[in-house]
Amino acid sequence: RLVSGEPKQGIIRLLDVGSGTGRITIPLANHFEAFASEHSDFPKLSIFCVEKSQPMLKHFQDKLKASEFEHVEIDALSARDIRDIPIDTRLFDAVIAHWVFHVVSDWRVAVYAIDRQLKPSAQIFLLSETSDLYRAIDGDYLGMDYRVVENLWNSYHRERSKIFLELSAGAPILPPRFRLGSMVIDDRVEQMFRALGWGIGEDFNMNGSDTWVTPMRLDDLINKVIRRRAFTNMRLIPQENLARQKYNELADRLLDELTPGQRQFNWPIKAKLTAQVLKRVVQDEDREIPRDLMLHVLR
């Protein structure tokens, strides 16, 4: 029996927090569908997606129109905020949380809301993505493999500090809790889950798919990431017009410092995905979700 105490044709209920455009949900559903089609009387997978951004959700829904599933049901019909979902429902067997806590100012409320949605036997899959780009945005850029890239980020942080000092004298600056880092998971999230009774468990092997390299030209980096303030800790200023003006000026200065050849340099950005499995310290073993099955599908 895949789920003790339940029929084989039962349902595994999965909560996807911060599902975005379905970047995780749709590939996971495809893998589950392929695996389930090879086994008789396999349980269905019901995925409840939580996404606050209406544009992202619309993109997700458009992608779903091209997908057909027999063993998977995906509920991504309306914009939802995990902090507003009614608590203490205990509906879900597992949750995936990826790229979400760093964009929620009161992220502890989100962690608590997730905890209250899960069965005692549930598992939490915390996915954390790191890269050279995220580290550089957070200020860790010294000693990079390419001097032109290191110089660019040194200039970025120097000019950004000037903006901060200039504005702090006369214009409002966003308080620190709204200027969060670009990392998906940090130690405070784990500490919160520990406080709620979760054991921070094992990492699991991603079977070689956990690292990749994405080249990005430096002029694209400046125009598409820095100029657009693409990450939360690039947002220092509450007034949108002033913020746009200051970052446009910053991006122009960075471009002026580069030669035409340097602007065309392709920076090979290395990235890594890690995942942890969390389980309650005390749980009802009779209703434990099939761990090996979920690991197989997530890999």
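**Helix packing and burial**

Analyst: The axes of helix α5 (residues 147–168) and helix α8 (residues 240–257) come within 10 Å and cross at roughly 145°. Axes are lines fitted to C-alpha atoms, for helices over the stretch in contact, and angles run from 0 to 180 degrees between N-to-C directions. Helices (H or I, at least four residues) and strands (E, at least two) are DSSP runs, numbered from the N terminus. This is a predicted model, in which local features need pLDDT of at least 70 and side-chain atom pairs count only at pLDDT 80 or more, while totals for chains, interfaces and linings use all residues. Residues are numbered from 1 along each chain as its sequence is written, and side-chain values use heavy atoms, with hydrogens and water left out.

User: Into which classes do the residues of the contact of α5 with α8 divide?

Analyst: Contact means heavy atoms within 4.5 Å. Among the residues that make this contact are Leu152, Ser155 and Ile163 of α5 and Leu250, Leu254 and Glu257 of α8. Ala, Val, Leu, Ile, Met, Phe, Trp, Tyr, Cys and Pro count as nonpolar, Asp, Glu, Lys and Arg as charged, and the others, Gly among them, as polar. The residues divide into eight nonpolar, one polar and seven charged.

User: Is Ser155 buried or exposed?

Analyst: Ser155 lies in helix α5 and, leaving aside its neighbours within four places in sequence, is in contact with Leu254 and Glu257. Buried means under 20% relative accessible area, exposed over 50%, and partly exposed in between (1.4 Å probe, protein chains only). Because its relative accessibility is 6%, Ser155 counts as buried.

User: Which elements do the buried residues of α5 pack against?

Analyst: The buried residues of α5 include Val148, Trp153, His157 and Leu167. Their packing partners are α4 (132–137), α7 (218–226), α8, α9 (260–263) and β8 (266–280).

User: How far does α5 reach from its first C-alpha to its last?

Analyst: The expected span of a helix is 1.5 Å times one less than its number of residues. With 22 residues, α5 has an expected span of 32 Å, and its reach is close to this, at 31 Å.

User: What separates the C-alpha atoms of Ala94 and Ile124?

Analyst: Ala94 lies in strand β4 (residues 92–98) and is buried, with a relative accessible area of 0%. Ala94 and Ile124 are 30 residues apart along the chain, yet their C-alpha atoms are separated by 5.6 Å.
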